[in-house]
Amino acid sequence: KEKWKSSERVLVNRVVEGVLSLLLATRKNPNIRYQRTSEVCSLLAKSLTDKMEIESELFESNCGGAENTVLLILDRKEDPLTPLLHQWTYQAMAHELIGISLNRVDIKKDSKVKTSSESSELVLSVDLDPFYSANIYSGYGELAGNMKMLVDNLQLKACLLYTSPSPRDATLSRMPSSA
């Protein structure tokens, strides 16, 4: 039984015809290499090779038999470079990973986040959020450093509030021992 739908076959044939036209127009008779782990690449390479064998007279007379060109067929789904092409700014990462709609982030979508209030949306605004405003165009490394400083400052403030000594006894701390 044919594994590919007729609509997929039509698309593959269209790509094969386009690549053959390009090869003939540039007078190239390439060695075809493809990604073995991809069924689509395998089908495309086989179809292209079959078509080139059928049209071998055109390739021999038009291309002069030179086979120093390599046609590399890769599956776009397994492209390791695409994730690196995304912007790594705070705003871009929030939009890409969480999703921003009208400057709002819906945190209920993520089941790991528990909210005590009924509101599940956070507003990301340069007017309302000083951290967002200061870091909106910061890169990943700079953002991570700034976030660590913010968390450290918040922990320090919480610790100072918890451990502020009474006027009677400045030597005792109400902070639980970490030992």
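How many Å should the 16 residues of helix H2 span, at 1.5 Å a residue? Keep that in mind for the second stop. Remember too that this model is predicted.

**Stop 1: the whole chain**

Show the chain as a cartoon. Count 6 helices and 4 strands. Follow them along the sequence and the pattern reads α-β-α-α-β-α-β-β-α-α. The chain has 179 residues, and 21% of them count as buried. The accessible area is about 14,100 Å². Carbon and sulfur atoms hold 57% of that area.

**Stop 2: helix H2**

Select residues 39-54, which are helix H2. Its 16 residues should span 22 Å, and the end C-alpha atoms are 22 Å apart, so the two values agree. Color the buried residues: Cys41, Leu43, Leu44, Ala45, Ser47, Leu48 and Met52.

Pick Ser47 from that group. Its relative accessibility is 13%, so Ser47 counts as buried, the cut-off being under 20%. What does Ser47 touch, leaving aside its neighbours within four places in sequence? Arg9, Val12 and Val16 are in contact with Ser47.

Stay in H2 and select Lys46 and Asp50. Their side chains form a salt bridge, with N and O 3.1 Å apart. The two residues are 4 apart in the helix, about one turn. Lys46 is exposed, with 52% relative accessible area. Asp50 is partly exposed at 32%.

**Stop 3: the other salt bridges**

How many salt bridges does a search of the whole structure find? It finds 3. Side chains of opposite charge can pair when their charged atoms come close.

Select Arg104 and Glu121. Their side chains meet in a salt bridge of 3.8 Å, N to O. Arg104 is partly exposed at 39% relative accessible area. Glu121 is partly exposed as well, at 41%.

Next, select Lys148 and Asp152. The closest N and O atoms of this salt bridge are 2.9 Å apart. Both residues lie in helix H6, 4 residues apart, about one turn of the helix. Lys148 is exposed at 53%. Asp152 is partly exposed at 34%.

**Stop 4: the aromatic rings**

Show the rings of Phe, Tyr and Trp. There are 3 aromatic pairs. Trp88 and Tyr140 make one of them, with ring centres 5.8 Å apart and planes at 75 degrees, which is edge-to-face. Trp88 is in the loop between S2 and helix H4, while Tyr140 is in helix H6, so the pair ties together parts 52 residues apart in sequence. Trp88 is partly exposed, at 42%.

Move to Tyr90 and Phe131. Their ring centres are 5.9 Å apart, and their planes meet at 70 degrees, so this pair is edge-to-face. Tyr90 is in helix H4 and Phe131 is in helix H5, 41 residues apart. Are Tyr90 and Phe131 buried or exposed? Both are buried. Tyr90, Phe131 and Tyr132 form one aromatic cluster.

**Stop 5: Ser138**

Select Ser138. It sits in the loop between helix H5 and helix H6. Its relative accessibility is 5%, so Ser138 counts as buried. Leave out residues up to four places away in sequence, and Ser138 touches Trp88, Thr89, Tyr90, Leu143 and Asn146.

**Stop 6**

Go to Lys28, in the loop between helix H1 and strand S1. Lys28 is partly exposed, with 34% relative accessible area.

**Stop 7: a patch on the surface**

Finish with the surface on. Which residues form a nonpolar patch with about 320 Å² of accessible area together? Select Val70, Leu72 and Leu74. Val70 belongs to strand S2, residues 70-73. At 53% relative accessibility, Val70 counts as exposed.

Technical notes: Residues are numbered from 1 along each chain as its sequence is written. This is a predicted model: local features need pLDDT of at least 70, side-chain atom pairs count only at pLDDT 80 or more; totals for chains, interfaces and linings use all residues. Side-chain values use heavy atoms; hydrogens and water are left out. Buried means under 20% relative accessible area, exposed over 50%, partly exposed in between (1.4 Å probe, protein chains only). Contact means heavy atoms within 4.5 Å. Patches are made of residues with over 30% relative accessible area and no salt bridge: like charges are joined within 9 Å, nonpolar side chains (Val, Leu, Ile, Met, Phe, Trp, Tyr) within 5 Å. Accessible areas come from the Shrake-Rupley method with a 1.4 Å probe; for residues, only the protein chains shown count as cover. A salt bridge is a side-chain nitrogen of Lys or Arg within 4 Å of a carboxyl oxygen of Asp or Glu. The expected span of a helix is 1.5 Å times one less than its number of residues. Rings of Phe, Tyr and Trp (its six-membered ring) pair if their centres lie within 6.5 Å; planes under 30 degrees apart count as stacked, over 60 as edge-to-face and the rest as tilted.
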